[in-house]
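Here are my notes for your first look at this model. Keep the 3D view open and find each residue as you read.

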Amino acid sequence: QVQLVESGGGLVQAGGLLRLSCAVSGRTFSGYAVGWFRQAPGKEREFVAAISGSGGTTYYSDSVKGRFTSSRDNAKNMVYLQMNNLKPEDTAVYYCAAARSLRVGTPVGYDYWGQGTQVTVSS
């Protein structure tokens with residue numbers, strides 16, 4: 001019922017930047033919080049960031065705080081993850097996911113997921 005499509009991944013050198021986009025369709029967009037997660041080879045999927053339906057509240061994991069910023073444009077049904085000062089440790093497949101309310105630190109409650117987009121940061 002809710003579909004998410006991610007884009008914006010790619011290859012970037014350390015210290016560079018990328019902006020990921022998540023297009024969300026279905027139901028009332030502003031009624032969904034959106035989380036960002038990432039998964040590197042051989043590692044568990046980890047929470048990166050989340051933004052409330054209104055965009056008024058954001059949360060970031062300690063590993064990305066100060067470097068990543070999530071925002072949303074509800075008129076366009078779009079959520080963004082601006083990633084600055086990228087590090088090789090940021091290399092992973094990044095996913096956006098939608099939940100009925102903001103949840104942090106866990107994929108629990110995120111019922112809809114995008115397909116993922118690869119982010120590779122070279123040293």
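This is a predicted model: local features need pLDDT of at least 70, side-chain atom pairs count only at pLDDT 80 or more; totals for chains, interfaces and linings use all residues.

1. D62 and K65 form a salt bridge, and their closest N and O atoms are 3.5 Å apart. D62 has a relative accessibility of 68%.

2. D90 forms a salt bridge with R38. The closest N and O atoms of this pair are 2.9 Å apart. D90 sits in the loop between β8 (78-83) and β9, while R38 belongs to strand β4 (residues 33-39). The pair therefore ties together parts that are 52 residues apart in sequence. Are D90 and R38 buried or exposed? D90 is buried, and R38 is buried too.

3. D90 also meets R67 in a salt bridge, at 2.7 Å from N to O. This pair links distant parts of the chain, 23 residues apart. D90 is in the loop between β8 and β9, and R67 is in the loop between β6 and β7 (68-73). R67 is buried, as is D90. Now put the pieces together.

4. Next, the disulfide. The count comes to one. C22 and C96 form this link, with their sulfur atoms 2.1 Å apart. The link is right-handed, with 75° about the S-S bond. Both C22 and C96 are buried.

5. Stay in strand β9 and find A98. The relative accessible area of A98 is 0%, so A98 is buried. Which residues does A98 touch, leaving out those up to four places away in sequence? They are V2, L4, Y32, A33, G109, Y110, D111 and Y112. Compare this with P41. A98 and P41 are 57 residues apart along the chain, and their C-alpha atoms are separated by 23 Å.

6. Now look at S52, in the loop between β5 (46-51) and β6. S52 has a relative accessible area of 12%. Buried means under 20%, so S52 is buried. The side chain of S52 reaches the backbone nitrogen of G56 at 3.2 Å. S52 also touches Y32, A33, T57, R72 and L102, when residues up to four places away in sequence are not counted. Y32 and A33 are among the residues touched by A98 and among those touched by S52.

7. Finish on the surface. Y59, L102 and V104 form a nonpolar patch there. Together they have about 220 Å² of accessible area. Y59 is placed in strand β6 (residues 58-60). Is Y59 buried, exposed or partly exposed? Its relative accessibility is 37%, so Y59 counts as partly exposed. L102 belongs to this patch, and L102 is also one of the residues that S52 touches.

Methods:
Residues are numbered from 1 along each chain as its sequence is written. Side-chain values use heavy atoms; hydrogens and water are left out. A disulfide is a pair of cysteine sulfur atoms within 2.5 Å. Buried means under 20% relative accessible area, exposed over 50%, partly exposed in between (1.4 Å probe, protein chains only). Patches are made of residues with over 30% relative accessible area and no salt bridge: like charges are joined within 9 Å, nonpolar side chains (Val, Leu, Ile, Met, Phe, Trp, Tyr) within 5 Å. Accessible areas come from the Shrake-Rupley method with a 1.4 Å probe; for residues, only the protein chains shown count as cover. A salt bridge is a side-chain nitrogen of Lys or Arg within 4 Å of a carboxyl oxygen of Asp or Glu. Helices (H or I, at least four residues) and strands (E, at least two) are DSSP runs, numbered from the N terminus. A polar contact is a pair of N or O atoms within 3.5 Å; within protein, one must be able to donate a hydrogen and the other to accept it, and residues adjacent in sequence count only if both atoms are side-chain atoms. Contact means heavy atoms within 4.5 Å.
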